[in-house]
Amino acid sequence: MDFAILPPGLILICVSILLLVVPHTYRMALVVTAPLLTLLQIWSIRPDMALPSHLLGYDILPLTIHPFTRIFSTAFAFAALGGGVFGLGSKNRYETPLGFCSAGFAIALTFSGDWFSFFMNWELLAIASIFLIWGGGNIHSKKAGMRYALMHLAGGSLLLAGIAAQVSITQTALLPTFQLHQEEWIWTSSLFLDSDIYMDYLSNLSIQSVGIWMIFIGVLIHLGAPPFSAWVTDAYPESSPSGMVFLSAFTTKAAVFALLTLFAGNTILIWIGIFMAFYGMLYAILENDMRRILAFSIINQVGFMVVGAGIGTTLALQGAAAHAFCHIVYKALLVMSAGSVLQQTGIRRCSELGGLYHSMKFTTLCCLVGALSISAFPFTSGFVSKSLITESADPLIWILLLVASAGVFLHAGIKFPWFVFFQKDSGLRPEDPALSMRLAMGGFAIACVLPGIFPQTLLYSMLDIPVTLEVYTAHHIISQLEVLLFAGLGFFLCLPLLKRTLTITLTFDWLYRRPLLNLLKTLEKQVNKGYTAIRNLLSAATQRGKVHLMRFSGQGGMFAEVNTLATTTLLLTLLLASYLLFHYNN
Amino acid sequence: MKPKTLPSEPALSKYPRIWKCFIIILTALVIADVSIPNAATAHMAAETYFWFFPMVGLASSLVLIFVARALGKLLKRREDYWEGHH
């Protein structure tokens, strides 16, 4: 049997089971080889290896290659490798296996060619993520995991209902696919939201149009798009240091993949993406918890990808996919550096940190590389991928993305490393973390820089169509540096205004954690009252019925009397006679 | 691990050398921008002016910080806000 024809992601899922039973000495070998074998498998699968099959009378394609399958699955395998190595120092035995499961399902999702396998992998990824959040091991992580589960249950239900509508109308379970073209991007059968076909759907308000909207909202929930974004910042920071490395890579980026595959080119996405970029940025500026800063930053960065999906040209879609790849790497690096600080100090609040560069030099260096990459500094991966998106935008969107880029440098490029590693000296002198953690951080720091220097070889080669844009022009490099460094000047000028406070910031989750919860509690009280009233009513009626019944069948009642044979015979005769009469009349 | 000392937060102005380097780099960038024409690749007319990108960077930064502060007044709560409300 050909190695490549194994279901993608299966190696990681199988190894995750093995990791639960093998001794610690063999874990390192498994943690390194499984993602590398998966990478080999991903790149060995050819488009002609599709595995057509049948399920419930429908044709299904559990193995197919979409335009962005390779780049996303490669990023997921990399994240599994990095998270696995970083997690070797973790005491929690279940975390890396769960992370590998998540990676396996995320990879399988990118190869899904039909709704059944897509939905199954989508949900299994969400379930594995819930357990990763619970791996945080405290009461906050348990509650946050439960809220995450509820949110994704809602998203999954909507997605399932939408898929059911879509499959029943179109009579096909195959995912709509589109093809990229060098000159011009065209749809073949992608789902539409704001095209003429969509308008036609909407005017008829057909089940299919409702179904497509349900799928769309289901994907948005997974994406962390406001107002469904609270789960990202609520749940991710409550996981363990290595748990968040896995979490930051899979769920939202799997949703970006779904968006690129199903809804590319819908202009509504541009505005959703812009809102996400600014929302994540403003909240990250306000935040005091370093892990929540990074969680808000995920929403911000996913916003850039959503804009690319919305623009819908070949270059923009390539930019969105490339940005997802780069984001997985540099966000994992930032999360690792924050996780190292958390592990070594036990502190998450920026207000209690500072001056850690004195003793955590390696972590500081890696964090700075990640911070420069997320800020799209020239010669980092973020610069290349973000440029592909911004350069494909029209002037209004371009200027908004430029402002958003300055904001990214503000919160993730300067604020996070400045308050954690520099600024005031907190007096804390923790050491750099264990060797495995340093290896993971070092590897990912290199992976942030090399694709920025050699984009053709290490980034564009993962895309189906060659990228035509030259990002390294003198003017582009200088203008980008100007925007970022002058934004930095603004940060330092306003430093007294950015005083850290021991506060949290309310997000959209306030709506369902306060007013909606109060409404539900009130409803529960009313329902309980109604239930008690009905129960009392029924109880009283039963009592009355019982009293009446006892009159006839109780002691001294008519039916309780001992009748003679003659009386009984007479009663039965009368009963039979009345039946005959009734039957005769009919 | 408890903090040993908590001195007052130093401003960057306490490091004049860093400030000087920073200002020199910013000035060099503006000079480089002036010397490189970009009319061919410009997205909008204003982009051709040398002050465009520095102004976008600085203004974005200041506006975002002030907007965030205004939002903070509305949205910031004590850390124990959610305690007992799950």
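This is a predicted model: local features need pLDDT of at least 70, side-chain atom pairs count only at pLDDT 80 or more; totals for chains, interfaces and linings use all residues.
Setting aside neighbours within four places in sequence, the contacts of S387(A) are G382(A), L469(A), V471(A) and H476(A).

A376(A) sits in the loop between α14 (361-374) and α15 of chain A, and its phi is positive, about 65°, although the residue is not a glycine. A376(A) is buried, at a relative accessible area of 1%.

Q171(A) is another non-glycine with a positive phi, here about 60°. You'll find Q171(A) in the loop between α6 (139-170) and α7 (196-204) of chain A. Is Q171(A) buried or exposed? Q171(A) is exposed, with 52% relative accessible area, whereas A376(A) is buried.

Then there's a cis peptide bond, running from P226(A) to P227(A), with omega near 10°. P227(A) is in the loop between α8 (207-223) and α9 (230-235) of chain A.

V306(A) is part of helix α12 (residues 290-311) of chain A. With a relative accessibility of 1%, V306(A) counts as buried. What is V306(A) in contact with, leaving aside neighbours within four places in sequence? The list is L223(A), L259(A), L269(A), I272(A), G273(A) and M276(A). As for L317(A), that residue is eleven places from V306(A) in sequence, and their C-alpha atoms are 9.4 Å apart.

Helix α11 of chain A covers residues 268-286. Its 19 residues should span 27 Å at 1.5 Å a residue, and the end C-alpha atoms are 28 Å apart, so the two figures agree. This helix is mostly covered, with 16 of the 19 residues buried.

## Helix α1 of chain B

Over in chain B, helix α1 runs through residues 16-35. The same check works here: 20 residues at 1.5 Å each should span 28 Å, and the end C-alpha atoms are 29 Å apart, which agrees. The buried residues of α1(B) are W19(B), F22(B), L26(B), L29(B), V30(B) and D33(B). Why do they end up on the same side of α1(B)? They cover an arc of only 95° around the axis, so they share a side.

As for the buried residues of α1(B), they pack against α19 (474-493) of chain A together with α2 (52-75) of chain B.

## H475(A), looking across to chain B

H475(A) has its place in helix α19 of chain A. At 10% relative accessibility, H475(A) counts as buried. Leaving aside neighbours within four places in sequence, H475(A) is in contact with D33(B), I36(B), N38(B), T41(B), E47(B) and F53(B). Among these, D33(B) has already turned up as one of the buried residues of α1(B).

## The chains as a whole

Chain A has 22 helices and three strands. Its C-alpha atoms fill a box of roughly 115 × 55 × 55 Å along the principal axes. How much of chain A counts as buried? The figure is 60% of its 586 residues. For contacts within chain A between residues at least 6 apart in sequence, 81% link residues at least 24 apart. The accessible surface of chain A is about 23300 Å², and carbon and sulfur atoms account for 70% of that area. On the charge side, chain A has 31 positive and 27 negative side chains, and the centres of the two sets are 19 Å apart.

Chain B has two helices and one strand, in the order α-α-β from the N terminus. Of its 86 residues, 28% count as buried. The accessible surface of chain B comes to about 5800 Å², with 69% belonging to carbon and sulfur atoms.

How values were computed: Residues are numbered from 1 along each chain as its sequence is written. Chains are lettered from A and ligands numbered from 1 in the order in which they are written. Side-chain values use heavy atoms; hydrogens and water are left out. Helices (H or I, at least four residues) and strands (E, at least two) are DSSP runs, numbered from the N terminus. The expected span of a helix is 1.5 Å times one less than its number of residues. Buried means under 20% relative accessible area, exposed over 50%, partly exposed in between (1.4 Å probe, protein chains only). The arc is that of the directions from the helix axis to the C-beta atoms. Contact means heavy atoms within 4.5 Å. Accessible areas come from the Shrake-Rupley method with a 1.4 Å probe; for residues, only the protein chains shown count as cover. Lys and Arg count as positive and Asp and Glu as negative; His and the chain ends are not counted. The place of a charge is taken as NZ of Lys, CZ of Arg, CG of Asp or CD of Glu.
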